[in-house]
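I opened this notebook to record what I looked up in one model. The entries follow the order in which I consulted it.

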Amino acid sequence: MKQVKLSVLKGDITKVEVDAIVNAANSSLLGGGGVDGAIHKAGGPAILEECKQIIARQGGCPTGEAVITTAGNLPAKYVIHTVGPVWQGGSKQEEELLANCYYNSLRIAGEKNLQSIAFPNISTGVYGYPKDKAAEVAVAAVKSYLQQHPSSIKEVVFVCFDDENYELYSRLLDE
Ligand code: ADP
């Protein structure tokens, strides 16, 4: 864990040059709005093609799980698609499911021997997860996973699209 760098970046995750960027997908994997729409738009049709093949093989992607595809035309090498929970007030295992998104994405990155991975602020857009709570879950999940599972991963970037998330992550990573 000591040798893993955690950092925060403000901006558009489709522009980040890492081994894998994570997509906040929905369980159909067929694309949507927000970061999902931006990734498919910038990455081109190869990503959706591979998502469709995955759907044909395994059906949809359950909440908290993740799958990996090509990154098409993006500067990243892969896209890891994970499905965040819809916020329903906090008593529907949202916290555990959100942490699973981070665990499973890191696990897949490690299995592929990747060194760098960038996460968006999963579930904090249309899915309505309170940003402060989501940021705490994200940082704690990444730290605990990396501590318990030494792997190829050397760098984790939290990519924040809005000021509020950027402030929250900056503060949490400072501590
Ligand atoms: P969800 O359905 O999981 O809430 P959204 O895509 O609606 O997914 O939002 C997740 C987060 O991604 C939000 O904080 C949103 O501001 C952010 N976001 C939207 N577009 C981008 C982008 N191009 N790069 C990085 N983050 C983005």
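Entry 1, strand pairing. I first looked up β5 (residues 116-119) and β6 (residues 155-160), and found that they run parallel and are joined by four bridges. Within this pair, Phe119 has Phe158 of β6 as its bridge partner. I took helices (H or I, at least four residues) and strands (E, at least two) as DSSP runs, numbered from the N terminus. I counted two strands as paired if DSSP finds at least two bridges between them.

Entry 2, basis. I note that the model is predicted, that local features need pLDDT of at least 70 and side-chain atom pairs pLDDT 80 or more, while totals for chains, interfaces and linings use all residues. Residues are numbered from 1 along each chain as its sequence is written.

I read an open sheet of six strands with mixed pairing, in the order β1-β6-β5-β2-β4-β3. The edges are β1 (5-10) and β3 (66-70); each has a single partner strand, so one side of each is left without a neighbour in the sheet. Neighbouring strands are turned against each other by 25 degrees on average, direction ignored. Helix α1 packs on this sheet, touching β2 (20-25) and β4 (78-83), and its direction makes about 130 degrees with that of β2. I used contact for C-beta atoms, placed from the backbone, within 7 Å. Angles run from 0 to 180 degrees between N-to-C directions, and axes are lines fitted to C-alpha atoms, for helices over the stretch in contact.

Helix α3 (residues 94-111) packs with helix α4 (residues 131-148) at about 40 degrees, their axes 9 Å apart. That makes α3 oblique to α4, as I class angles under 35 degrees as roughly parallel, over 145 as roughly antiparallel, 65 to 115 as roughly perpendicular and the rest as oblique. Residues making the contact include Leu98 and Tyr102 of α3 and Val137 and Ala141 of α4. I listed its residues as 11 nonpolar, no polar and one charged. The classes are nonpolar (Ala, Val, Leu, Ile, Met, Phe, Trp, Tyr, Cys and Pro), charged (Asp, Glu, Lys and Arg) and polar (the others, Gly among them).

I found α4 and helix α5 (residues 163-174) packed at about 40 degrees, with axes 10 Å apart. Here the contact divides into six nonpolar, one polar and four charged residues.

Helix α1 (residues 34-43) gives the most to the shell around the ligand, with four residues. By class, I recorded 10 nonpolar, eight polar and three charged residues in that shell.

Technical notes. Two residues are in contact if their C-beta atoms, placed from the backbone, lie within 7 Å.
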